[in-house]
Amino acid sequence: MAAMGEGGGNAVIDRAKFGPLQFGVTALCFIIAMLDGFDTQSIAFVAPKIAEDWGLAPSAFGPIFAIGLLGLTVGAFTLSPAADKFGRKTVILISTFIFGLFALLTAFSTSMNELLIYRFITGIGLGAAMPNIIALTSEYGPARLRATLVTVMFCGFPLGSTIGGLVSTWLIATWDWHSVFVVGGVLPLLLLPVLFFMLPESVRFMVAKGAPESKIAPIVHKIDANASVSEFIAGLKHEQSSAAKGFSVFQLFREGRASTTLLLWVAFFMNLLVMYFLVNWLPTLLKGAGLPLSLAILSTATLNLGGVVGAIALGRMIDKISPYLVLGTAYAASAAFIALLAFGGTNLTVLLLGAALSGFGVVGAQIGMNALTASVYPTAIRATGVGWALGVGRIGAIVGPLVGGVLLAGGWTPQSLILLAVVPAVIASVAVFTLGATRGKAEA
């Protein structure tokens, strides 16, 4: 797929079979994404129960939702450039430790202030992990499968959210809300030694940073036992020469990348605004509309499950046809599906259908955007490019829950709040179609 390929992409990786090394990288990143999804979503599942235990109004959780997303933003902005300097694996290990430890500490919160602090630091770890698992999976994927691998890997995020919804209902009923954070903290900490010993550093990153051939050769031979290491390194010489000088964020706007970067940021901002508004507020809004909490949580889990299906389907389409056409259409369709969700009332069938289709468009297309973003930047600034796009998107993700809390406190009905999410979905669609037209002219 020409639109997604890197200029002068490495022939060794592109022609190699999808073997144990590539599968291992994708699988480990998938597990990290699952845990990331579980821990990101966990607060939404327990918020109604904490509000009940602490005698708070549901609207009081707007700042709690937002502070976690602020942490995600800080993590994406600050540690993504660090990964382009020190390596993907290093930052993945650090970020997994951070979000595991502070998710566990969240279980012992006794006040809103403690909850705010722990959710913020948990968010920093979560936000730093995201761009690096995307970059690492992309850098080991052959061009013919790259979008598919990134989207399948990132399906771990909505899948983790979906499993989190189902498990959280049982955990809360069996023990209490604290147990959700205990599970969300212990699992990442147990994963750390596995990642340390089994997750390789990005071999493209190693070449771009001028690592000695003796360190590169073992990884190249795992990709293709018959490959020439010198050919592999020569195929990525352009990435060594394009290694960012100085602050890598500035490189996102150089060499004709400014319009691409800005349009990506608009799409990320708008779609993550919709996505996090829905996943954070949907349980509370549907409970307020008259559904039992268990069914309200089920609707949100269904939205994330729809995102898993959407990501896989859209990923395959992106590898075969224009990613801009696929993703722009998906965002436009999601606007219609959100409207269906808004008008579902308490009809469980309509709500579940609307949630699944909304997830297909909103969550699925967001995962596709991650793959697209990883493909348009060179190795030297890939983690920065993905991280800053996600970081700008997280600002939208902060705005969504905050606005939801303000409007809910101001007397807006659940239906009108959900319907409002149609607007940014349409704007995201326009941004992606414009990006496609802009890059099409540049590549012509």
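Me: Helices here are DSSP runs of H or I with at least four residues, numbered from the N terminus. The model is predicted. Which helix gives the most to the lining of the largest cavity?

Reply: Helix 3, with 5 residues. The elements giving two or more residues to this lining are helix 2 (20–54), helix 3 (62–86), helix 5 (112–140) and helix 13 (258–288).

Me: What makes Ile64 a lining residue of the largest cavity?

Reply: A lining residue has an atom within 4 Å of a cavity point. Ile64 is among the residues lining the largest cavity, as are Phe65, Arg119 and Tyr276. That cavity holds about 70 Å³ of space, and its lining divides into 7 nonpolar, 3 polar and 1 charged residues.

Me: Which helix supplies the largest share of the lining of the second largest cavity?

Reply: Helix 13, with 3 residues. Helix 17 (379–409) also supplies at least two. The volume of this cavity is about 50 Å³, and its lining includes Met130, Leu272 and Arg394.

Me: Why is cysteine 29 called buried?

Reply: Buried means under 20% relative accessible area. Cysteine 29 has 0%, so the term applies. Cysteine 155, at 3%, therefore counts as buried too.

Note on methods
Residues are numbered from 1 along each chain as its sequence is written. This is a predicted model: local features need pLDDT of at least 70, side-chain atom pairs count only at pLDDT 80 or more; totals for chains, interfaces and linings use all residues. Side-chain values use heavy atoms; hydrogens and water are left out. Buried means under 20% relative accessible area, exposed over 50%, partly exposed in between (1.4 Å probe, protein chains only). On a 1 Å grid over the protein atoms alone, a cavity is a set of points where a 1.4 Å probe fits but cannot get out, and a pocket is an open set with protein on both sides within 12 Å along at least five of seven lines; lining residues have an atom within 4 Å of a point. Grid points are joined across faces, edges and corners, and a volume is the space filled by probe spheres set on the points. Ala, Val, Leu, Ile, Met, Phe, Trp, Tyr, Cys and Pro count as nonpolar, Asp, Glu, Lys and Arg as charged, and the others, Gly among them, as polar.
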